[in-house]
Amino acid sequence: MPGPLQGLKVIEFGGIGPGPFCAMMLADMGAEVIRLDRKADKGKDRGSPGFLASGRRSVLHRGRRSVAVDLKDAAHRDKVLAMIDGADAVIEGYRPGVLERLGLGPDVLLARNPKLVIGRMTGWGQDGPLAQAAGHDINYIALSGALATIGRKEGGPVAPAAMIGDLGGGGMMLAFGIVCAVLEARASGKGQVVDAAVLDGAALLTSIVCELRALGLWRDQRQTNLLDGGSHFYDTYECADGRWISIGSLEPQFYTLLLQKLGLDKDPEFARQRDPAAWPALKARLAALFRAQPAAHWCALFENTDVCFAPVLTTTEAAAHPHNVARANFFESEGVVQPSPAPRFSRTPAARPGPAPFIGEHDDELLA
């Protein structure tokens, strides 16, 4: 496939969550990605075990080829090693030590292919007290400090559907790490291991909170801060029809425009934009105002202005929004609507990804 990573060859040991997302990102950008799936699953398209009962092809597995192998079989391991010999990078998401026990650890792989980049994806990291413990996205972002910042003051933290941990803190960081290491290997001639942990990446994503705390602008209580729904001018509001809208009028000029459009620009109480003591009362007044009209009314009033506004859409609705349609931010493949590759490149644009392969679909051409 075309794209800025054309010519990069990656071998992906099949897994779930952040590893496949990393591989998807690389494949979207033109890398040749070969996924090693379990021989016992040949002919299936699981995506993630048990999650594709609809029979539709996986989104996270798009754009690459699949071979079905038994890593406990010596003959299969030899074929895997032969493929890795010609690769630039490997992606694996096992618990620490599993790859070594299979005879495919970094020492073995780097001895055969000194320029190889080995991307290792775990939840807790390759070492540390929790390295061997089971976990999931919600646990990793909890320990990183990210989860505590999400949710309403009167309720508990709200898990954000594996986006901050598995995808953002995990898969995206691993993709970045692999590209960094490949660039370095092309200069030095030496590969290395990339230790990407969901915990580490999620912690990095809390940088904005650490920045605000350093400036004296963050309290460790949900919905009391500038950017966590504490302020009346940066939050979501329910409308008369049960739909929701988002307001992000942070800067004074945007806030002034919001008040003008709502007919509140002469109200002295709303002049207290940066006074946290005034926020609860002002939020209550805005909430009552927004509940008086359906979301379509507020879209007509605010959309495409400098109020900093957007309706809160489902992913299905987002795919149909005129702006997303104009930028082709979503596409449909075999009945599955999914996001398009991002970011965009002026000279080496990525193509629309092909569908996910069936497990073992490319055995004949790749294992010969």
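Me: Axes here are lines fitted to C-alpha atoms, for helices over the stretch in contact. In this predicted model, at roughly what angle do the axes of helix H5 and helix H6 cross?
Reply: Helix H5 covers residues 137–144 and helix H6 covers residues 163–188. Their axes come within 8 Å, and the crossing angle is roughly 80 degrees.

Me: Is H5 roughly parallel or roughly perpendicular to H6?
Reply: The axes of H5 and H6 cross at roughly 80 degrees. Angles from 65 to 115 degrees count as roughly perpendicular. Therefore the arrangement of H5 to H6 is roughly perpendicular.

Me: Which strands are the edge strands of the open sheet?
Reply: The sheet has 3 strands in the order S7-S8-S9, with antiparallel pairing. Its neighbouring strands are turned by 20 degrees against each other on average, direction ignored. An edge strand pairs on one side only, and this holds for S7 (234–238) and S9 (309–311).

Me: Which residue of S9 is the bridge partner of Ser246?
Reply: Strand S8 spans residues 244–248 and pairs with S9 in the antiparallel sense over 3 bridges. In S9, the partner of Ser246 is Ala310.

Me: At about what angle does helix H11 run to S9?
Reply: Helix H11 comprises residues 295–302 and lies across S8 and S9. Relative to S9, the angle of H11 is about 150 degrees.

Terms used:
Residues are numbered from 1 along each chain as its sequence is written. This is a predicted model: local features need pLDDT of at least 70, side-chain atom pairs count only at pLDDT 80 or more; totals for chains, interfaces and linings use all residues. Side-chain values use heavy atoms; hydrogens and water are left out. Two strands pair if DSSP finds at least two bridges between them. Helices (H or I, at least four residues) and strands (E, at least two) are DSSP runs, numbered from the N terminus. Axes are lines fitted to C-alpha atoms, for helices over the stretch in contact, and angles run from 0 to 180 degrees between N-to-C directions. Contact means heavy atoms within 4.5 Å. Angles under 35 degrees count as roughly parallel, over 145 as roughly antiparallel, 65 to 115 as roughly perpendicular and the rest as oblique.
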